[in-house]
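Please look at the sequence and the structure below.

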Amino acid sequence: MITARGLERRFRRKGRGGGEVHAVKGVDLDVEAGELVGFLGPNGAGKTTTLRMLTTLLKPSAGTATVGGRDLLADPLGVRRNIGYVAQGGGTAPEVRVGEELTMQGRLYRMSKADSIARGRVLSEQLDLTGLDERLTKTLSGGQRRRLDIAMGLIHSPALVFLDEPSTGLDPQSRANLWEHIRRLRAEQGVTIFLTTHYLDEADALADRLIVIDDGRIVAEGTPDSLKSRVSGDGVVIGVAPQSSAAAAELARRLDGAHDFETTGGEVRFRVPRGDTAMPELLRALDANGIEMTSMQVTRPTLDDVFLTLTGRSLRDAEQPVTGEPEVSGVA
Ligand SMILES: Nc1ncnc2c1ncn2[C@@H]1O[C@H](COP(=O)(O)OP(=O)(O)OP(=O)(O)O)[C@@H](O)[C@H]1O
């Protein structure tokens with residue numbers, strides 16, 4: 001669905017300082033049909049710039065890409081017809097009725113009026129917008145407006161849809177509800193989804209696969225679980241009688257890859273690559289040595305741990321206000 005090689009984008013800085021911002025520094029991407037891929041990175045990492053290049057809104061300074069089966073540089077119109085794009089701020093006009101907005105969007109894609117109305121109905125049902133046809137879009141709640149944005153992005157039945165920061169600005173309940181809808185769209189329509197986010201929980205909850213970008217470069221790629229297991233392993237805490245803790249720690253040290261030991265009173269803490277497979281082995285070893293385990297806790301590393309390991313800073317710390325005076329971006 002998407003193949004990109006060496007995508008780059010430089011911006012000229014306007015104003016007295018001048019100079020250049022190298023926003024995207026050579027990005028390679030491969031997305032298969034049916035995947036739900038999360039493009040994760042802190043503010044200013046290059047997510048939106050990459051997305052805007054892939055959706056033909058911004059011309060790459062270098063690199064090539066095929067998007068939705070069409071060549072990005074040779075056939076941008078073909079790309080546009082085959083994809084849906086839901087921008088960060090959405091694209092609904094405030095004084096237009098929901099039903100009209102959907103139909104007009106379909107007409108923009110040269111669908112017949114009857115087809116756009118029919119498709120609008122299907123999407124309204126799937127995205128929980130039924131009964132809102134006559135409402136002005138400015139009266140919708142944040143969550144409803146976001147779902148309308150998505151319906152508009154899907155009106156022409158694209159096989160591939162780009163969502164830029166889909167849940168930004170929504171309250172926790174509306175976010176969870178939106179995630180459910182995104183999952184359903186993929187399941188029911190088989191649409192390939194490429195979404196950007198700087199929320200770790202969103203990436204974790206939604207994506208089959210994550211691509212992590214920092215400072216214009218891809219720094220990691222994999223399923224949320226595989227990324228987490230690449231880091232420092234699962235955290236384990238076991239409880240034993242205080243007099244047995246040294247012996248228990250000694251047995252735990254024999255587990256493949258166990259590290260970072262800490263023993264306090266009746267607690268032994270350590271990290272191990274796969275907590276779920278290591279624990280039964282440890283339990284057997286403790287049993288064989290007559291040591292009773294009174295408690296056990298295994299915690300998986302978070303995506304924030306992954307980011308910290310990859311870049312030396314936490315994703316949240318990395319979210320600093322974007323600086324520099326933007327130029328007016330050229331449209332390809
Ligand atoms: N039109 C522009 N002119 C100058 N610099 C730009 C322009 N657009 C983006 N940049 C710079 O390029 C870098 C990447 O920005 P981009 O918006 O792609 O990041 P992002 O990962 O999408 O961040 P966010 O999460 O804040 O949307 C930033 O340093 C930004 O200031």
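Arginine 110, which follows helix 3, has a positive phi, near 60°. The model is a predicted one.

Helix 3 itself covers residues 98–108, and its buried residues are Val98, Glu101, Leu102, Thr103, Gln105 and Gly106. Two helices pack against these buried residues: helix 4 (113–126) and helix 5 (142–154).

Two packed helices are described by the angle between their axes and the distance between the axes. For helix 3 and helix 5, the axes cross at roughly 25° and come within 9 Å. Because angles under 35 degrees count as roughly parallel, helix 3 is roughly parallel to helix 5. The crossing of helix 3 past helix 5 is right-handed. On the helix 3 side, Val98, Glu101, Leu102 and Gln105 make the contact, and on the helix 5 side Leu148, Ala151 and Met152.

Histidine 181 lies in helix 6, which spans residues 172–189. Is this histidine buried, exposed or partly exposed? Histidine 181 has 18 other C-beta atoms within 10 Å, so it is partly exposed; a buried residue would need 20 or more, and an exposed one 12 or fewer. Leaving aside residues up to four places away in sequence, histidine 181 touches Leu127, Asp128 and Arg147. Glutamate 35 is 146 residues from histidine 181 along the chain, and the C-alpha atoms of the two are separated by 16 Å.

Terms used: Residues numbered from 1 in each chain as written. Predicted model: local features only at pLDDT ≥ 70, side-chain atom pairs only at ≥ 80, totals over all residues. Helix = DSSP H or I, 4+ residues; strand = E, 2+ residues; numbered from the N terminus. Contact = placed C-beta atoms within 7 Å. Axes fitted to C-alpha atoms, helices over the stretch in contact; angles between N-to-C directions. Parallel < 35°, antiparallel > 145°, perpendicular 65-115°, else oblique. Left-handed = near helix turned anticlockwise from the far one by under 90°.
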